[in-house]
Amino acid sequence: ELLTTQARQLEIGQALATAQTEQEVLDIIIEKANDYPNAALSITDWETDDNGEKYDVVIRQSKYASGIDLLKEGTRTAWKQSPLSQLYSAEVAFISNHLEDDTRIDSAIRASFASIGVKGLAILPMVASGEWLGNMAVMTKDDDFFTEQVVSHYRSLAEQGSIALWGARLFEQTQQSLKRRSQEVALTIQIAQEIASATNLSDLY
């Protein structure tokens, strides 16, 4: 099992090393999560409105063969209003193999999970360079799904995926900044050339 876990971790790292864009990173995470098709996966990002209200936004998801219907991509949930928001943080994951008996969760929420047959839930924070990027939620209808090996796999996906996602976003920001700078330089050169080629100031107007 240890060799299998290490091999999967290596495969995840090698795949993510080839990703250059955010979408490519998300595609690889979704692909590698399919190693356990009986669990559904949802990846969320943080979004803050003008009033400073924090929202959890679904950016990618797949139910695989789990039979669990997930929130659609683009769905926004106010984090403070989420009944699960107090159960995890940037430093602490939430993992439960028996939601129906988990007293950390409000009884009404346990009942809602039971009504759709969800027995196990894990929420893993996605953190890179000290920044909490979002979360990875895993749900299953299987009993005792989150073994040590399974949890290790999803932790690797969350940890390595976070770093790759952070890097892709930083690269995109750098590219946009360079593009703006290039446009500014080109405009400055154009203005300078027009000034230099003008026979007198009146030609500029």
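This is a predicted model: local features need pLDDT of at least 70, side-chain atom pairs count only at pLDDT 80 or more; totals for chains, interfaces and linings use all residues.

Trainee: Which residues of helix 3 are the buried ones, and why can they be said to line one face of the helix?

Mentor: In helix 3, which spans residues 107-115, the buried residues are Ile 109, Arg 110 and Phe 113. Looking down the axis of helix 3, these buried residues fall within an arc of 100 degrees, and therefore they line one face of the helix.

Trainee: What is found at the start of helix 3, and what just after it?

Mentor: At the start, a side-chain oxygen of Asp 106 comes to within 2.9 Å of the backbone nitrogen of Ala 108, and a pair of N or O atoms counts as a polar contact within 3.5 Å. Just after helix 3, Gly 117 adopts a positive phi of about 80 degrees.

Trainee: Why is Trp 46 called buried, and how do you know that Trp 79 and Trp 132 count as buried?

Mentor: The cut-off for buried is under 20% relative accessible area. Trp 46 has 14%, so Trp 46 is buried; Trp 79, at 19%, counts as buried because that value is still under the cut-off; and Trp 132, with 18%, is therefore buried as well.

Trainee: Why is the pair of Trp 79 and Trp 132 edge-to-face?

Mentor: The ring centres of Trp 79 and Trp 132 are 5.7 Å apart and their planes stand at 90 degrees, so this pair is edge-to-face. Here too distant parts of the chain are linked, since Trp 132 lies in strand 6, 53 residues from Trp 79. A search of the whole structure finds eight aromatic pairs, and ring pairs also link Tyr 36, Phe 145, Phe 146 and Tyr 154 into a cluster.

Trainee: Which residues touch the most other members of the largest nonpolar core, and which element gives the most to it?

Mentor: That core has 32 residues, of which Val 25, Ile 29, Leu 41, Met 136, Val 138 and Tyr 154 touch the most other members. Two or more residues come from each of helix 1 (2-17), helix 2 (22-33), strand 1 (39-48), strand 5, strand 6 and helix 4 (148-197), and helix 4 gives the most, with eight residues. Apart from this core lies another, of 18 residues, among them Trp 46, Leu 84, Ile 105 and Phe 113.

Trainee: How many helices and strands does the protein have, and what share of its residues is buried?

Mentor: The protein has four helices and six strands, in the order α-α-β-β-β-β-α-β-β-α along the sequence, and 40% of its 205 residues are buried.

Conventions. Residues are numbered from 1 along each chain as its sequence is written. Side-chain values use heavy atoms; hydrogens and water are left out. Buried means under 20% relative accessible area, exposed over 50%, partly exposed in between (1.4 Å probe, protein chains only). The arc is that of the directions from the helix axis to the C-beta atoms. A polar contact is a pair of N or O atoms within 3.5 Å; within protein, one must be able to donate a hydrogen and the other to accept it, and residues adjacent in sequence count only if both atoms are side-chain atoms. A nonpolar core is a set of buried Ala, Val, Leu, Ile, Met, Phe, Trp, Tyr and Cys residues joined through side-chain atoms within 4.5 Å. Rings of Phe, Tyr and Trp (its six-membered ring) pair if their centres lie within 6.5 Å; planes under 30 degrees apart count as stacked, over 60 as edge-to-face and the rest as tilted.
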